[in-house]
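Let's take a walk through this structure together. Have the sequence and the 3D view ready, and follow along.

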Amino acid sequence: MVRALISAALVFAASACFAQAFGRFGYTNLPQVPGFMFTEESFRTRASGSDSFSFLRALPLKRVSTTAEVTKYSSGVFAGTPQGVTVNLRSPGFELDCPLGLELKLSTLSSPNLTVPGATYGAETPTPPSSWVLVSFADKQPPVLLVFLDGAGPEVVVKGRSGEWKLKTVGLYKGKVRICLPFGLQSLTANTVGTLGALSQKLQSQESLWTQPAPSLVSRTIVEEPDALRVTWMFDREGAIVPPSAVLCKAAGYKVKTESPVVDSGAALEDGPVVFCRESSLTLSFPMVRIPTGRALALGTPGPPRQLSAPPLGLGETCELTMSNLTAGRAATIVDEAHAALEEYFSKSLFAIEPGSQSQLPYGADGRGMDFAAAHAFLTQGLSLSQGETATANSLLTSLLWRMDPLTWRFWAADRVTASRAAAIASMAAALDPEPTKRIEAALLHAGLCAESALPKFTQRLGLPVAEAAPSAPLVGLRNAIFQTGAPDPAASEYLKTLTSDVRVVSVEPVVAVSTPRGIEVTWTPVKAEKKQLVFLLRNQTRVAKVSNLKRLTFREQFGVLRVDYQPAGAGPCKALLIRPKWAAPLPTLSAPPAFEK
């Protein structure tokens with residue numbers, strides 16, 4: 001009955017009318033652009049004190065389509081204003097669809113400078129036709145690049161007076177205009193010939209990076225390797241932006257390996273460096289220890305189960321309950337407690353609507369509730385793994401992953417503390433999944449958390465506005481052990497050894513193991529003295545022999561699955577011997593799970 005309730009509660013994910021990820025583009029009617037702040041009236045860089053580029057009239061933005069990578073808006077058709085806005089996270093900046101030219105208003109005291117290849121122009125003097133124009137300022141702020149993606153490009157001119165300037169295309173320009181930041185958020189004073197010349201020279205040396213057509217994601221493939229997952233994103237052309245978290249996470253000790261040729265533009269935005277891929281495919285390798293399906297059989301007797309508070313459980317209790325269920329000797333009552341916790345959660349959760357998709361999701365726009373959703377996704381995945389299930393949907397986890405931003409690999413929400421906590425717990429949930437397609441999401445979330453912790457030092461070193469310190473995230477010791485990050489935490493490392501035992505139990509009964517000269521003695525207590533079956537998952541061929549309280553015992557092994565059919569001789573514990581090859585690795589010693597905050 002509990003399973004039926006959980007399945008019914010999870011229908012929200014399966015029946016959502018927008019069943020795909022939306023990342024940073026959910027819960028907002030405005031484009032979310034790296035490096036920029038965008039409203040219906042204007043856009044400006046995120047650098048402090050930068051000026052706004054205002055549209056001739058407010059854009060009536062209406063979202064047309066959204067994925068986690070690309071969002072598109074329509075905005076009406078008026079002379080000098082764009083009729084559409086596109087943000088592609090694999091391409092710099094954003095694009096304006098301008099069928100009737102482009103005209104923008106600026107309120108700077110001095111006229112902006114317009115730089116094209118080989119020359120810079122001031123007010124009232126049109127540039128020659130060019131595929132790009134760099135807009136720079138006499139006061140300190142980031143230069144902004146306009147790239148004309150269709151045809152040879154128009155003439156561009158600045159007209160007006162102090163505080164009332166208009167930047168506009170000359171004649172009839174019909175095409176797309178990319179707005180981007182080739183020097184990142186670095187504030188520059190462009191008021192000398194030398195400075196303007198240096199900007200032009202550097203931009204021309206990197207021109208193809210900023211002016212090439214936007215790549216589109218075609219596919220993603222994942223290859224499982226020993227202690228790593230190797231993922232390749234395939235695009236329809238070269239030049240995709242590399243997620244900055246793939247670079248920054250290394251500074252926090254997560255040694256993600258970049259296997260494709262890349263080029264660092266030298267620019268940096270609020271989330272890290274702007275790096276481009278030189279090929280049409282981007283391949284990264286993420287260190288990660290796989291936790292096999294089934295409960296881990298380890299040597300030793302577990303202590304008494306922890307007494308839980310009355311439902312609803314807190315975050316820490318829910319996660320610690322999950323970890324307690326991952327070893328073979330866990331108390332049978334833990335399974336009942338886990339199902340009761342899930343029933344309580346789904347019966348009391350408040351679902352909110354994501355406005356763009358109208359999907360009912362178990363967390364709010366600001367991120368509130370995401371951490372509890374993640375904790376119960378972890379609990380769900382732990383139950384699935386403990387029972388040896390290899391292909392079960394965790395719709396709660398899926399709904400959370402819809403909100404992961406593919407550029408930063410973080411959950412996109414205003415409440416950063418809750419979002420970081422949810423990402424840490426969700427990464428653990430995904431790490432328990434048997435499928436590489438889900439476990440790679442665990443690695444991405446962990447990399448995003450590592451990058452977030454390294455971001456303040458990165459921005460400070462470059463002289464950018466210093467990023468806020470990353471919120472502390474739970475289960476850091478265990479996550480670092482799984483993803484081989486930084487210096488190992490001894491307690492977490494020992495628990496991971498327990499979790500990765502090469503003998504797994506998938507039958508319901510608690511099974512305790514001790515080492516003897518003849519083999520591994522396993523003990524379990526059937527509820528009734530009737531014919532039953534134990535099921536083990538093994539790497540090595542194993543024989544089974546009776547030890548005590550067994551009237552009958554037979555076993556058969558096929559494709560790594562050992563089925564032990566038995567009938568108890570009477571009430572009480574049953575004991576049998578698992579006889580493994582002498583060269584088989586010894587079982588790990590049972591280790592207690594780490595505390596939630598550690």
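Start with the largest pocket: 30 residues line it, and those nearest its centre are Glu270, Asp271, Arg410, Trp412 and Arg416. A pocket here is an open set of points on a 1 Å grid over the protein atoms alone, where a 1.4 Å probe fits, with protein on both sides within 12 Å along at least five of seven lines; lining residues have an atom within 4 Å of a point. Helix 10 (416-431) and helix 11 (436-461) are the elements that give two or more residues to this lining. Helices (H or I, at least four residues) and strands (E, at least two) are DSSP runs, numbered from the N terminus.

One thing to keep in mind is that this is a predicted model, where local features need pLDDT of at least 70, side-chain atom pairs count only at pLDDT 80 or more, and totals for chains, interfaces and linings use all residues. Residues are numbered from 1 along each chain as its sequence is written, and side-chain values use heavy atoms, with hydrogens and water left out.

Now hop over to strand 16 (residues 217-225) and strand 17 (residues 228-235), which run antiparallel and are joined by eight bridges. Pairing takes at least two bridges found by DSSP. Ser219, for example, has Met234 in strand 17 as its bridge partner. The two strands make a hairpin with two residues between them, and in the turn Asp227 has a positive phi of about 60°.

Tyr27 also shows a positive phi of about 60°, although it is not a glycine. Look for Tyr27 in the loop between helix 2 (11-14) and strand 1 (36-38).
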